[in-house]
Amino acid sequence: MPTGANNKKKHTYIWVSAIILIFGIFAVYEITKRVKGGTIVENDRMSVGMQVQKLGYVVNDGTRRKVPDFAFYDQDSTLITNKDYLGKVYLVEFFFTTCPTICPIMTENLVELQDTFEANEEFAVASFTINPRYDTPSVLKKYAAKHGITDKDWHLMTGDQDEIYALAEKGFYILANENDDAPGGFEHSGMFALVDKNGYIRSREDQFGNPLIYYRGTITEKQGVNDEGEPQQITMLKEDIKKLLAE
């Protein structure tokens, strides 16, 4: 082949390589920018290491569901209200200290999340006992010490039982009942609600754009799946907390 043709072919390869390199750099830049901005959603299948879905609002009758007003005493006998949580991303659970089934696992998962975000002062937890007759502030304080609850913004709250049940069922649509036939005498949901800095209940969306609403709190990351084949959602929750903290 003549030398001129070889040089022309060589120059063509150089230009093609340069174009590929430019597009590659641009693609990496866009992915990095979207990850930092929290706009990677389920349909983004490029290799970014971790998929982060968009978080939606939980809506009822066209209105974004917000945490209703509440006021209860915590393990330090301090009156805590919903306003104390404004400006923080927090998790809500309903539990009781003598629960023999799901509560210990839920607490273990929340301690894992506490330790993950221990350096972030904008992370918090709100735990409401559904057995306030027994779970006094002193009992809750002992429970906190026993389970390694150290975050100053993790309040274990007690108060009027009817008000707590109304908060669970009407405020969060989470089951909380006294039931003699249930283990420990009470039945309740093992789900966590995730709340943003403005007090709105948030969750990631499914492939149809519907919010999942709550996060499964009764399966640990180490366990992976439960006996029914349901997967753990603590890893998912960590990702979504990070997203709300960045808002």
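Guide: With burial. Buried means under 20% relative accessible area, exposed means over 50%, and partly exposed lies in between. This is a predicted model, and buried residues make up 43% of its 247 residues.

Visitor: What does the secondary structure of the protein come to?

Guide: The protein has 5 helices and 13 strands.

Visitor: What share of the contacts with a separation of 6 or more is made by residues 24 or more positions apart?

Guide: Such residues account for 69% of those contacts.

Visitor: Let us turn to one helix. Which residues of H3 are buried?

Guide: In H3, Val 139, Leu 140, Tyr 143 and Ala 144 are buried. Viewed down the helix axis, these buried residues fall within an arc of 140°, so they line one face of H3. They pack against S6, H2 and strand S8 (154-157).

Visitor: Which residues are exposed on the other side of H3?

Guide: Lys 142, Ala 145 and Lys 146 are exposed there. Just after H3 comes Gly 148, with a positive phi of about 75°.

Visitor: Next, salt bridges. How many does the structure hold?

Guide: To count as a salt bridge, a side-chain nitrogen of Lys or Arg must lie within 4 Å of a carboxyl oxygen of Asp or Glu. The structure holds 12 of them. One pairs Lys 141 with Asp 76, with the closest N and O atoms 2.5 Å apart. Lys 141 belongs to helix H3 (residues 137-147) and Asp 76 to the loop between strand S4 (71-73) and strand S5 (79-81), so this pair ties together parts that are 65 residues apart in sequence.

Visitor: Are the partners buried or exposed, or in between?

Guide: In between: Lys 141 counts as partly exposed at 44% relative accessibility, and Asp 76 counts as partly exposed at 43%.

Visitor: With which residue does Glu 247 form a salt bridge?

Guide: Its partner is Arg 202, and the closest N and O atoms are 2.9 Å apart. The pair links distant parts of the chain, with Glu 247 in the segment after helix H5 (234-245) and Arg 202 in strand S12 (residues 201-204), 45 residues apart. At 3% relative accessibility, Arg 202 counts as buried.

Visitor: What parts does the salt bridge between Arg 216 and Glu 230 tie together?

Guide: In this salt bridge, the closest N and O atoms are 3.9 Å apart. Arg 216 lies in strand S13 (residues 215-216) and Glu 230 in the loop between S13 and H5, so the pair ties together parts that are 14 residues apart in sequence. Arg 216 is buried, at 16% relative accessible area, whereas Glu 230 counts as partly exposed at 34%.

Visitor: What else lies in the loop between S13 and H5?

Guide: Gln 233 lies in that loop. Gln 233 is buried, with a relative accessible area of 12%. Leaving aside neighbours within four places in sequence, Gln 233 is in contact with Tyr 214, Tyr 215 and Arg 216.

Visitor: Which residues are linked in a network of salt bridges?

Guide: Lys 88, Lys 152 and Asp 153 are linked in such a network.

Visitor: Now an annotated feature. Which residues does UniProt list for "binding site"?

Guide: The UniProt record, an unreviewed entry, lists Cys 99, Cys 103 and His 188 under that name. These residues are spread over 90 residues of sequence but cluster in space, with a largest C-alpha distance of 10.1 Å.

Visitor: Where is Cys 99 found?

Guide: Cys 99 is in the loop between strand S6 (89-95) and helix H2 (103-116). Cys 99 is buried, with a relative accessible area of 7%. Neighbours within four places in sequence aside, Cys 99 is in contact with Pro 104 and His 188.

Visitor: And is His 188 buried or exposed?

Guide: His 188 is buried, at 11% relative accessible area, and has its place in strand S10 (residues 186-188). Not counting residues up to four places away in sequence, His 188 touches several residues, among them Cys 99, Cys 103, Met 106 and Leu 175. The side chain of His 188 also reaches the backbone oxygen of Phe 94 at 2.9 Å.

Note on methods: Residues are numbered from 1 along each chain as its sequence is written. This is a predicted model: local features need pLDDT of at least 70, side-chain atom pairs count only at pLDDT 80 or more; totals for chains, interfaces and linings use all residues. Side-chain values use heavy atoms; hydrogens and water are left out. Helices (H or I, at least four residues) and strands (E, at least two) are DSSP runs, numbered from the N terminus. Buried means under 20% relative accessible area, exposed over 50%, partly exposed in between (1.4 Å probe, protein chains only). Contact means heavy atoms within 4.5 Å. UniProt positions are given in the numbering used here, feature names are shortened, and annotations may be inferred rather than shown by experiment. A polar contact is a pair of N or O atoms within 3.5 Å; within protein, one must be able to donate a hydrogen and the other to accept it, and residues adjacent in sequence count only if both atoms are side-chain atoms. The arc is that of the directions from the helix axis to the C-beta atoms.
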